[in-house]
Number of protein chains: 2
Amino acid sequence: MSKVETKTFASEHLREFSQRVFEHFEVPREDAALAAEVLAMSDLRGIDSHGVGRLHTYFDMLEMGRINPRPQVKIVRERLSTATVDGDNGLGLVVGPKANEIAMDKAAQAGSGWVSVCNTNHYGIAGYYPIKALERDMIGWSMTNTTKLVQPLWGGERMLGTNPIAIAFPGMEEPAVVIDLATSAVAYGKVEIAKRRGEEIPPGWAIDSEGRDTTDPDGMIEGGALTPLGSFREMGGHKGYCLAAMVDVLCCVLSGANWGPWAPPFALRQHIPERSVGKGIGHFFGAMSIDAFIEVDEFKRQIDDWVRTMRGTRPQPGSPGVVIPGDPEREAEALRRAEGIPLVLPLVEELRDISQRTGIPFD
Amino acid sequence: MSKVETKTFASEHLREFSQRVFEHFEVPREDAALAAEVLAMSDLRGIDSHGVGRLHTYFDMLEMGRINPRPQVKIVRERLSTATVDGDNGLGLVVGPKANEIAMDKAAQAGSGWVSVCNTNHYGIAGYYPIKALERDMIGWSMTNTTKLVQPLWGGERMLGTNPIAIAFPGMEEPAVVIDLATSAVAYGKVEIAKRRGEEIPPGWAIDSEGRDTTDPDGMIEGGALTPLGSFREMGGHKGYCLAAMVDVLCCVLSGANWGPWAPPFALRQHIPERSVGKGIGHFFGAMSIDAFIEVDEFKRQIDDWVRTMRGTRPQPGSPGVVIPGDPEREAEALRRAEGIPLVLPLVEELRDISQRTGIPFD
């Protein structure tokens, strides 16, 4: 990374500011606190793209009345271990945690709980949800669809979102294994970084607006698409496409949300799809009580052993060696809890703009 | 593919032969029929690596007493929507279908059913299990760990199996979307094919025994490893590693089976790991009743729309255009039901060898 000028803020300060911004739009106090917590976890874990960096977008959407600040989140269908939830066009940051809670409550009763959600919006980092399940000795799952950005393999245009999958497993003495991955080869942000630096992107990250493989960031940004995980057919690009399809169906077809290219945009300036095939975007949450399968302590001891065994892998020459899923985010969190969250100056300006327009003091 | 000499057999003939071979080892008639059905589906769907092509290995394992021909498959722990199953060291081709049935029966009662299985063996194609769930208007999931063959990203040795994930979604007029993918970049068989042809393999498929990236098939085969889906860090190799880890934990840590490098080998000639951390290998099955979430017809109509929308994607220039997951296998099945299953001559010899040693007529 080239050195970028930043200003550092305590996580608690940003969390409080976010909460007050949500409350400004009549989001109920508890819901606003929940939404701010999701954003704060993202910033703490070093995932800058999903924290307060997106507050201005939520602000815009609330201000334009595109998101319902006081949703009645409702179960529209349920069985002992399953539910379909209508998010009433609320903030995904509020609907998501509530639907995740329903999955966990069902898991406490029936061993597992699975919730497909329609009529919702962007829900922050996928990893937030399984991390909450760890507190209850559960294995949590989370998925969401997102605005189209990715080609299906051999497609020449954007048809699927980056559709992430997250799941986490608790250890005893070792930290939890926390998996959180987008099903595209890379994040859009990496293409933007290359553009800012005037660099090419590696072959296999993207196609241009004609559907051709491209190494030009602008080729992707201006009407092109990201590739699915695996990139090319020969390298397994069909597998990334399959995973994105799986997420799309579980989140949207199962709940009655807008799938594939019909997912509504997250931000105001984005194109609105010509078709609507359901309500809002969709999420999918799962929770499995570990003690429904095995003694919790036995499971955690084995996870410790698994983690140590993987760390003990002979390293590939010239590499840092094997990393446990969740390690980088945990290290970021330790640092940022101690030293604060570094925000780039354009983002600080965005937050000041919100402050001016709402009267909520920022700094 | 270069032209290889083959001899063609009716699927029914191969299924019957397999069944009689299993019965020869005192596998109960119904179990033998089940096992033969799993192999037959693999051959029909064109997945030659997992059909009768593996019968001789099952034969060896049964003959050596390494697999229990008459297992008592037992639920050792359960809740309304979950179970842990001990496969009693039976054929995975028998334990798998029975555990999958338990998942589906639970889904019929509780909306979903999730079964983690220990003390089992190789279970054939992962896709068999969700395809069975389609008959009951359920979304089926299946995963299994396998003998170590894949590096965790930045690791210099084999630590994880090719750990596949399968899931399927039924359509109304369109065929089902059937996803079945290994979490490695490519299958081992592709490296073997390159070796036979004297060709190099593409960068990103494999590392050699020193942990270095290699394009030499022998480098991988002789003590090297396959890469996870995504191959390199820059291309998302950490994501494939995360998916393989997820499968490993759900199948093995959750059930009490041997995870990671400690998975016992499938074939006789393979190295036996120095540690045992559980019983046998592990599987994980899931089933979700569609009508627990949404009207079944509504779901299927939306899948039809999803399939047609994806097929309607503008094709990438020079490519065949977007394929729906499961299309290639469905096309193979139509052809092979009509024309039979082509077997390469060395495989025909293997089956004749079984025939001679058991007295079961082959051809």
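This is a predicted model: local features need pLDDT of at least 70, side-chain atom pairs count only at pLDDT 80 or more; totals for chains, interfaces and linings use all residues.
Asn163(A) belongs to the loop that runs between strand 5 (138–144) and strand 6 (165–169) of chain A. Its backbone deserves attention as well: phi is positive, at about 20°, although the residue is not a glycine. As background, most residues other than glycine have a negative phi.

A second residue with this backbone feature is found in chain B. Asp137(B), also not a glycine, has a positive phi of about 55°. Asp137(B) lies in the loop between helix 5 (128–134) and strand 5 (138–144) of chain B. Is Asp137(B) buried or partly exposed? Asp137(B) has 15 other C-beta atoms within 10 Å and is therefore partly exposed; a residue must have 20 or more to be buried, and 12 or fewer to be exposed.

Another loop of chain A, the one between strand 3 (82–86) and helix 4 (92–110), holds Gly90(A). This glycine counts as buried because it has 25 C-beta neighbours inside 10 Å. Which residues surround it? Leaving aside residues up to four places away in sequence, Gly90(A) touches Ile67(A), Asn68(A), Pro71(A), Val73(A), Val95(A) and Thr120(A). The C-alpha atom of Gly90(A) is also separated by 6.0 Å from that of Pro69(A), although the two residues are 21 apart along the chain.

The strands of chain A can be considered next. Strand 1 (residues 6–9) pairs with strand 12 in the antiparallel sense, over four bridges. Within this pairing, Lys7(A) stands opposite Leu343(A) of strand 12. In a regular strand the side chains alternate between the two faces of the sheet. Strand 12 (residues 341–344) of chain A has a covered face made of Ile341(A) and Leu343(A), and an uncovered face made of Pro342(A) and Val344(A).

Elsewhere in chain A, three strands form an open antiparallel sheet in the order 9-8-10. Strand 9 (213–214) and strand 10 (225–226) of chain A stand at the edges with a single partner strand each, so one side of each has no neighbour in the sheet. Strand 8 (residues 206–207) of chain A is joined to the antiparallel strand 9 by two bridges, and the partner of Ala206(A) in strand 9 is Thr214(A). Chain B also has an open sheet of three strands with antiparallel pairing, in the order 9-8-10. There, two bridges connect strand 8 and strand 9 of chain B, and Ala206(B) has Thr214(B) as its bridge partner.

Helix packing may be followed in chain B. Two packed helices are described by the angle between their axes and the distance between the axes. The axes of helix 2 (residues 29–44) and helix 4 (residues 92–110) of chain B come within 8 Å and cross at roughly 95°. Helix 2 of chain B is therefore roughly perpendicular to helix 4 of chain B, since angles of 65 to 115 degrees fall in that class. From helix 2, Asp31(B), Leu34(B), Ala35(B), Val38(B) and Leu39(B) meet Leu93(B), Val94(B) and Pro97(B) of helix 4. The residues of this contact comprise seven nonpolar, no polar and one charged.

The relation between the two chains remains.

Note on methods:
Residues are numbered from 1 along each chain as its sequence is written. Chains are lettered from A and ligands numbered from 1 in the order in which they are written. Two residues are in contact if their C-beta atoms, placed from the backbone, lie within 7 Å. Two strands pair if DSSP finds at least two bridges between them. Axes are lines fitted to C-alpha atoms, for helices over the stretch in contact, and angles run from 0 to 180 degrees between N-to-C directions. Angles under 35 degrees count as roughly parallel, over 145 as roughly antiparallel, 65 to 115 as roughly perpendicular and the rest as oblique. Ala, Val, Leu, Ile, Met, Phe, Trp, Tyr, Cys and Pro count as nonpolar, Asp, Glu, Lys and Arg as charged, and the others, Gly among them, as polar.
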